[in-house]
Amino acid sequence: MWEKEFNLTDRNSFGFNVKAENYAAITQIDTLESALADIAENNWPLLVLGGGSNLVLRQYIPGAVISIANMGIKVLADDEDLAIVEVGAGENWHHFIGHLLEMGLHGLENLALIPGNVGAAPVQNIGAYGVELADCFHSLTAYDRQTQSLVQLSLDECDFGYRDSIFKSAEQGRYIIWNVRFKLSSVFVPRLGYKALADYVLGKDNAPPTAHDVYKAVCDIRSSKLPVPTEIGNAGSFFENPVVAEKQYFELKDKYPNLVGHKDSAGLYKLAAGWLIDQAGWKGYVHAGVGVYDKQALVLVNRGKGTVDELTELSEMIFDSVKQKFGISLCIEPRFYPA
Ligand code: FAD
Ligand code: NAP
């Protein structure tokens, strides 16, 4: 089952030159169980790899890397307006969104064109344009490495937060997500809270937007400001949006009237990390083989022959300058592996 010294250069969206000591693609639960038995026997560290679009992989990955290649999209229940759809962890997220559009099932259109696989989507509760996975989540099936059994986890048990869940935080490494179930509607309700999306969709004509209009708008806007990983290596937003108390927000707003921030449901303010980085002068900056994308300062890129060390140096310089200018400590979004 194991492929030795497996090349992962085209399996991480930064395109770093990476090798895994042992790699296996897993399509069946019994193969997963034998892989985990080997891992335990050899005392290997384990990385579960999806599309590699939220990871910064170092040059050599000791132990095991497994990729969950469980495929398939099934409608489990279809009441009048509501359907439950189960999708394998190995399905590509964007293809899944396209498939839902064809089936006339709605709720996730704003999450079109997010790279990666379905199995990783609950890990950081992926979100974009005011919608997050949790909004349409029903439940998931995962292999629990602690109890060595398949378990079903509900919305509450996943404890989704802003780009967060138990899989990313409290229980990192415990669960291997096998499939995910979504609650979707046959009635389309556009979610146009984000100005860029509303301007794009409503600017065209006065007719109410269809699901296809919103899907296409999201794809067009994203394509115009985000680098395509197969052309320019990146992992999307490199830093999380910092969330600050009201007092700090208004102090900053006094000093920087153009500060971009949004009040959240808890009364805290989410600042646009990209704006902070841009104002600190980093947009388009080049550091050896890596750099800051010139259309979106929140995205750090591999210019071709970049390395993880160079990326770390650049991110530390950005961290220091944003801290000095705004008093804000940025947190990195993608996971570095090995840590
Ligand atoms: P990977 O990077 O392979 O893995 C991410 C994490 O999930 C790792 O910790 C991994 O171990 C774990 N994991 C993977 N599969 C499983 C599994 N089956 N079971 C348990 N754990 C697993 N994110 C957003 O939220 N919103 C966006 O709009 C967005 N836009 C992006 C745009 C670009 C251009 C890029 C490059 C990235 C963007 N991202 C965005 C980040 C990323 O695409 C998402 O987080 C995505 O869900 C990662 O999926 P993946 O399959 O590539 O996961
Ligand atoms: P944008 O629309 O220019 O907005 C800038 C920031 O302001 C975003 O971070 C967004 O927060 C916030 N924002 C804008 N309008 C808002 C509103 N009405 N209510 C609350 N917050 C609002 O952002 P962008 O860079 O072009 O990205 C578009 C969307 O794609 C965003 O949702 C972003 O999160 C997502 N995206 C994520 C990644 C990633 O890797 N995580 C990469 C690319 C794009 P939020 O980020 O919380 O939405």
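Lys-74, Glu-86 and Arg-181 are joined in a network of salt bridges. A salt bridge is a side-chain nitrogen of Lys or Arg within 4 Å of a carboxyl oxygen of Asp or Glu. In total, the structure holds 10 salt bridges. This is a predicted model, in which local features need pLDDT of at least 70 and side-chain atom pairs count only at pLDDT 80 or more, while totals for chains, interfaces and linings use all residues. Residues are numbered from 1 along each chain as its sequence is written, and side-chain values use heavy atoms, with hydrogens and water left out.

**Background**

- Side chains of opposite charge can pair when their charged atoms come close.
- Relative accessible area is described as buried (under 20%), exposed (over 50%) or partly exposed (in between), using a 1.4 Å probe and protein chains only.

**The pair Lys-195 and Asp-199**

- Lys-195 forms a salt bridge with Asp-199, and their closest N and O atoms are 2.7 Å apart.
- Both residues belong to helix α4 (residues 195-204), where a spacing of 4 residues separates them by about one helical turn; a helix here is a DSSP run of H or I with at least four residues, numbered from the N terminus.
- Lys-195 is exposed at 61% relative accessibility, whereas Asp-199 is partly exposed at 44%.

**The pair Arg-174 and Glu-171**

- A salt bridge links Arg-174 to Glu-171, with 3.6 Å between the closest N and O atoms.
- Arg-174 is buried, at 17% relative accessibility, while Glu-171 is partly exposed, at 25%.

**The pair Lys-283 and Asp-278**

- The side chains of Lys-283 and Asp-278 form a salt bridge of 3.4 Å, N to O.
- Lys-283 is partly exposed at 37% relative accessibility, and Asp-278 is partly exposed at 27%.

Methods:
Chains lettered and ligands numbered in written order. Helix = DSSP H or I, 4+ residues; strand = E, 2+ residues; numbered from the N terminus.
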